[in-house]
Amino acid sequence: MISNARDVPQGTNLTADVCIVGAGAAGLAMAMALRESGLKVLLLESGGDKDDEATQALYAGEVADERMHSPPDKYRKRVFGGSTTIWGGRSMPFNPIDFEKREHIAHSGWPIGFDDVAPYYPRANELIEAGDFDYSARSALPDAPPVIEGFQSNTILCDQLERFSCPTNFAARYRHRLAECQNVEIMLQANVCHIQLDASGQTVQHLVCGTLDGKRFQVSATRFVLATGGIEVARLLLASRDVMTTGIGNRFDQVGRYYMCHIAGNIGKVVFKGKTSAIHHGYDLSAEGVYCRRRFSMPAELQRELGVANVIARLHFPTITDPAHRNGVLSGLFLAKNFISYEYGKRLQSGERDSLGRYARHLLNVMTDPFDTTAFLLHWIRYRTLSERKFPSVVLKNRTNLFSLDVHGEQAPNPDSRITLTADKDALGMPRTRVDWRYSDIDIVSVDKMLALMASEFKRCGVGELTYDPKTLADDLTMYGAYGGHHIGTARMGTDVRTSVVNADGRLHDVGNLYVASAATFPTSSQANPTLTIVALALRLAAHLKTLARQAS
Ligand SMILES: Cc1cc2nc3c(=O)[nH]c(=O)nc-3n(C[C@H](O)[C@H](O)[C@H](O)COP(=O)(O)OP(=O)(O)OC[C@H]3O[C@@H](n4cnc5c(N)ncnc54)[C@H](O)[C@@H]3O)c2cc1C
């Protein structure tokens, strides 16, 4: 059933077995898993069916350094479906090494391993609609030609795949199935403003909810799950401080710390030798019709030996902002950047004020490259605009064998990188967030070491030359700040209440009936985009709650 909080009478006390807060990827995956469980599930979602300014404004807050992080109301959506309404769909699981305690990465190590999450990945992959749970090119794309003909390396691997969701908007896709469901109610426009603990501080008594038209009501439940995304989980815990004066789960000042995104950027110049047909840098379709792309990665034993974080790289077109590429399509993108949404346009800005000369040179590129530009537009309209399963991103025929590398690297947990609250309040009276995102030396050093290795491996195999400037690497990787949309680590999982917020089940150490389903619980960030693992862990939590309910009955 789908209902609306504005229809709930003022002062009502609603009840449920499980109350989930937030209908994004995590909350909706849990609701799907709890269908027909016999449990009465109430899913409270702040947003309505459509984006609206007043609701989105509840996400507004401050950033410590605007160059380092986008404003907190960007790169996340407060609407039914959450950020899956705008996500890119790039998906891959974490690697087993990501869960390990690595001596070279301070604060690393999960209380669970890859094998604990593995049983939930295939269903998560189904929910995000990324086809079979097979992330090896060897088995998923047996007939695909090598990425670079003649390149054979034991240290730079080309077998890892990323798969692309449609990208699936969870609200649009699962709304009808959940609406028909007897035991699940999704309540839209219901904002949780406060978590009320009992006097002992060890049990949630109820949640205080508010609507933007001024109503208040509360929800009591046997168990509560926060699935409000990596920034908002910390906000709710920190803001609920009437019983625990430093916030819930925050006796040891852990909530909001270790905030991670990813380190990413287009780096360097790769010039391949030989024919352009020897380089296969684009998408391949798997047998089930899912777009897949191969990437460069380092084996786990080598990461340990070099003392680096987990980093991947993909072949990418030359830097868009520089008209020297003389490519009409790239220049067209540059010229259209102000019409593209903030989230997708940000990394097309050149970082300096664009001169008229720069615009003129891009315009000239478009005018002198009419065939490629038209072919691209036709392809884009057919396979992106009009298709349900969308062609994931711009990939161009490369006539020059000149590429850059698109790097996506793990960010090590850093306690000084954190979310705190401000004195300023939103329309519902909740303190707003302040984001102080910081990176660590190892984040940059890890990319540097991987690029140096790639350069020497390309050279050893005689396939081409990779050049980059290690001196400007930190600036190049952070020129757009934190990679947007991945909000990780603010309520980390662990075994010790002094260094973590939730236990291996995702339950607050201190509070017996409060759980978190979100990248907030990830102690480390991996090279992987987070959503597939968010969904897998949400399914694991749903299975755990079902077991607890069975044991109690
Ligand atoms: C532009 C963009 C591109 C992305 N691309 C990718 C990608 O390619 N691959 C990938 O893996 N990830 C990607 N992501 C990240 C992905 O969208 C998130 O990882 C995912 O949506 C997180 O799911 P979630 O359920 O934890 O949070 P969300 O999807 O953010 O959902 C949280 C929900 O909680 C609700 N909520 C918040 N506060 C309250 C409250 N107080 N009361 C009630 N409800 C509340 C919100 O309205 C929202 O619906 C991208 C993100 C963006 C912005």
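Mentor: Ala25, Ala26, Ala29, Met30 and Ala33 in H1 meet Thr531, Ile534, Val535, Ala538, Leu539, Leu541 and Ala542 in H15. Contact here means that C-beta atoms, placed from the backbone, lie within 7 Å. By class, this contact has 11 nonpolar, 1 polar and no charged residues. Ala, Val, Leu, Ile, Met, Phe, Trp, Tyr, Cys and Pro count as nonpolar, Asp, Glu, Lys and Arg as charged, and the others, Gly among them, as polar.

Trainee: What should I know about the model and its numbering?

Mentor: The model is predicted: local features need pLDDT of at least 70, side-chain atom pairs count only at pLDDT 80 or more, and totals for chains, interfaces and linings use all residues. Residues are numbered from 1 along each chain as its sequence is written.

Trainee: How many helices and strands does the protein have?

Mentor: There are 15 helices and 20 strands. Both are DSSP runs, numbered from the N terminus: helices are H or I with at least four residues, strands are E with at least two.

Trainee: Which quantities describe two packed helices?

Mentor: The angle between their axes and the distance between the axes. Axes are lines fitted to C-alpha atoms, for helices over the stretch in contact, and angles run from 0 to 180 degrees between N-to-C directions. H1 and H15 pack at about 40°, with axes 8 Å apart. That makes H1 oblique to H15. Under 35 degrees counts as roughly parallel, over 145 as roughly antiparallel, 65 to 115 as roughly perpendicular, and the rest as oblique.

Trainee: And at what angle do H1 and H6 pack?

Mentor: H1 (residues 25-33) and H6 (residues 170-179) pack at about 25°, with axes 11 Å apart. H1 and H6 are therefore roughly parallel. Ala25, Leu28, Ala31 and Met32 of H1 make the contact with Phe170, Tyr174 and Leu178 of H6. It has 7 nonpolar, no polar and no charged residues.

Trainee: Which residues come nearest the ligand?

Mentor: Gly22, Gly24, Gly82, Gly88 and Gly485, of the 39 around it. A residue is near if its C-beta atom, placed from the backbone, lies within 6 Å. The shell divides into 14 nonpolar, 19 polar and 6 charged residues. H1 supplies the largest share, 3 residues.

Trainee: What is the span of the C-alpha trace?

Mentor: About 70 × 50 × 45 Å along the principal axes.

Notes:
Two residues are in contact if their C-beta atoms, placed from the backbone, lie within 7 Å.
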